[in-house]
Amino acid sequence: MSKALVILGIVLASSVASGETLTYADLAGRLTDLERLAVLPEPGETCAQWSSYDRASQFDAGPGRYVHWDANGDGGCVIREEDGMLVLAEMTGPGCIWRIWSARPEKGRVKIFLDGAEAPAVDLPFASYFDGNNPPFNRPALVHTTASGCNAYVPIPYQKSCKVVAEPGWGAYYHFTYSTFPEGTKVLGFTRELDAGAAAALDAADKALSACGMDPAAERPGQRRLTQAMILEPGKSATLAKLEGPRAITGIRIKVDLPPSPADGEALRELAIAIHWDGEAEPSVWAPLGDFFGTAAGANAYRSLPLGLTDDGWWYCYWYMPFAQAADVVLTNDGAEARDITCEVTHAPLTRPIESLGRFHAKWHRDTFPPPEPERAIDWSMLHTTGRGRYCGVMLHVWNRKGGWWGEGDEKFFVDGERFPSTFGTGSEDYFGYAWCNPALFQHAYHNQTISMGNKGHVSVNRWHISDNVPFQTAFDGYIEKYFPNVRPTLFACTAYWYLAPGGSDPYKAATLNERVSYCPWSGPPPTFVAKDVIEAETIRLLKRTAGMSHQQNMSAFEGEWSRDTQMWWVDAKPGDCVDLALPVEAAGRYTIAACFTKARDYGIIRVLLDGRELNGPIDLYNESVQLYGPIDLGTSDLTAGDHVLTIEITGANRKAIRAYMVGIDYLKLTPVE
């Protein structure tokens, strides 16, 4: 075919696509169409999200500065109030809502008005969008609750406009994720009473999403499969497939003889997969093996639409991967042990012109491309790329040594040079389809939590953007907020998945073995630190308290090692108030007395007395951040056996402190003097 004819074909395909008519069946088909993700986006094709994010986060165009970028009151913010209702979302068509999510939908009604109609197309209590009792929101794979997160993936298309309003009492936290189609696209109307064809298409999508683990496109005309078994020696690479195009890889399946858990975690990081398209020098796909298939820290069985691990040990990938001249799929063993591997690579002829298709990219990385603005330091980069393409998802691996909730941070997507993100979320777990930092494992076609040790140790979550992929014409920068610092340690690593037109920029390089295995141990949940030979303050018997409340406080969210991750926390008191604790002494003798306290910006100044005699003071517990303080030497005393009275008295506060006069005690320690 001549070059002129190829160009003419592209122009005609583009003109047809920009004026296409989309039926409801067409849109339902996009819920499972992995091949369409490779089609490069037309101008005017976008995906964005309305959510209840804290509107205090803003971009001040005057000085060009981001303000209150870590604002976290994300539960109830809306666009505006109007005629006694709350406007949650408003869009200009042609377009389609693909995803509705909430952490706490309640009885207040949420109404969706389409194309300027006076009557809403959907008018239900917000909770009824998710309870599975109201058509068409009654397909279990499309409408479900996972680990406290309520999800609805029923397409709601519109031609000219969409407006979502809510009555007071609608609940808290929401996302409406939507696409806008190119100008000229005709979208057929939507009602909750789907016709037979639309209902059948939605049922077919629901059925396919309920049975993940196979290519949703089934057997393709002209499809071929390469199968081989090998022993991959240490330090060696093996070619899994070397193909000539134009064709597309439609499936990769690998089975590995792995050591038992937890050693499998490190073994899967030692194996790395790379794919080169069309003779490129740097691979477009590079990731440790388990990470590439969507989970980390071991062989965690799960099934999603594009990726997973079956119970019989087969890793599978059904991302559609087109190429023009050549494809080289290579597996490398950077470990010290040989691995027994069986693999299958399926490929098929293209069904569209190669000029209309992007190349598949998947890259693993850690702490790369931080945001250029210092006030955005909380944003952790998941994907930085330039060119034309589609963002299709991410697998995030978290190593959370101390435990506590790691994922308060919002996702933020900057598309084509936006100064303010067109997608701005409400929390990390919300982005991954669950809620309230629920550590329960779950699996779904579009989002999964494949490992979580009670939010401590290893956590692996993923989210796939299939119908709600994010098109970009020149650039995509995707971030997720990271509240805990690396030194805590709380560490992130991710594998991002996207399509990119040839010539676009993929800046990620292959990571060394040390980079991918040294930052976290591969054993089970890390042990809790326990100080030796101490009296835990939270266990001491309370004798008297003149004011306020005292209780145990979990300190695992803070940087430092509190014994048993817990302290005694005394709050709501003021200068002059005291608390008396029973200090047990097993045997009479002379003891050195020490105590470990907590410092924070709202803590007070105290003095410490033993049986009415002052041991030490004043002790200033102010610090700008929360940190351990001690152990502090309180002197030496002769003590009889039995309980003694240890008194903590609040005497004031540092001039820099917030006047809350709080007190935190980790432990006390009695050391016999020889």
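Predicted model: local features only at pLDDT ≥ 70, side-chain atom pairs only at ≥ 80, totals over all residues.
Of the 674 residues of the protein, 58% count as buried.

**Exercise 1. Describe the overall form of the protein: how many helices and strands does it have, and how does its radius of gyration relate to the globule rule?**

Solution. 
Step 1. The secondary structure consists of seven helices and 49 strands.
Step 2. The radius of gyration is 29 Å, close to the 26 Å that the globule rule gives for 674 residues, so the protein is as compact as a globular protein of that length.
Step 3. Along the principal axes, the C-alpha atoms fill a box of roughly 100 × 70 × 50 Å.
Step 4. When contacts between residues at least 6 apart in sequence are considered, 79% of them join residues at least 24 apart.
Step 5. The protein exposes about 26,000 Å², and carbon and sulfur atoms supply 53% of this area.

**Exercise 2. Explain why helix H4 is described as largely enclosed.**

Solution. 
Step 1. Helix H4 covers residues 263–270.
Step 2. Its buried residues are Asp264, Gly265, Ala267, Leu268, Arg269 and Glu270.
Step 3. Because six of the eight residues of H4 are buried, the helix is largely enclosed by the rest of the structure.

**Exercise 3. Determine where aspartate 379 lies, whether it is buried or exposed, and which residues it is in contact with.**

Solution. 
Step 1. Aspartate 379 belongs to strand E30, which spans residues 379–386.
Step 2. A residue is buried if its relative accessible area is under 20%. Aspartate 379 has 4% relative accessibility and therefore counts as buried.
Step 3. Leaving aside neighbours within four places in sequence, aspartate 379 is in contact with Trp69, Pro371, Lys412, Tyr479, Ile480 and Glu481.
Step 4. With one of these residues, lysine 412, the side chain of aspartate 379 makes a polar contact, side chain to side chain, at 2.9 Å.
Step 5. Asp379 and Lys412 also belong to a network of salt bridges that links them with Glu373, Arg376 and Glu481.

**Exercise 4. State how many salt bridges are counted, and examine the one between aspartate 123 and arginine 109.**

Solution. 
Step 1. The count comes to 37 salt bridges.
Step 2. In one of them, the side chains of aspartate 123 and arginine 109 meet at 2.8 Å, N to O.
Step 3. Aspartate 123 lies in strand E10 (residues 122–125) and arginine 109 in strand E9 (residues 109–114), so the pair ties together parts that are 14 residues apart in sequence.

**Exercise 5. Examine the salt bridges of aspartate 565 with lysine 402 and of arginine 463 with aspartate 468. Are the residues buried or exposed?**

Solution. 
Step 1. The closest N and O atoms of aspartate 565 and lysine 402 are 3.8 Å apart.
Step 2. This pair links distant parts of the chain, 163 residues apart: aspartate 565 is in the loop between strand E41 (549–554) and strand E42 (566–571), and lysine 402 is in the loop between strand E31 (389–400) and strand E32 (411–415).
Step 3. Aspartate 565 is buried, because its relative accessible area is 8%. Lysine 402 counts as buried because its relative accessibility is 2%.
Step 4. The side chains of arginine 463 and aspartate 468 meet at 2.8 Å, N to O. Both arginine 463 and aspartate 468 are buried.

Note on methods
Residues numbered from 1 in each chain as written. Heavy atoms only, no water. Helix = DSSP H or I, 4+ residues; strand = E, 2+ residues; numbered from the N terminus. Buried < 20%, exposed > 50% of the residue type's maximum accessible area, 1.4 Å probe, protein only. Polar contact = N/O pair within 3.5 Å; in protein donor to acceptor, adjacent residues only side chain to side chain. Contact = heavy atoms within 4.5 Å. Salt bridge = Lys/Arg side-chain N within 4 Å of Asp/Glu carboxyl O. Rg over C-alpha atoms; globule rule 2.2 N^0.38 Å. Areas by Shrake-Rupley, 256 points an atom, 1.4 Å probe, with all protein chains shown as cover.
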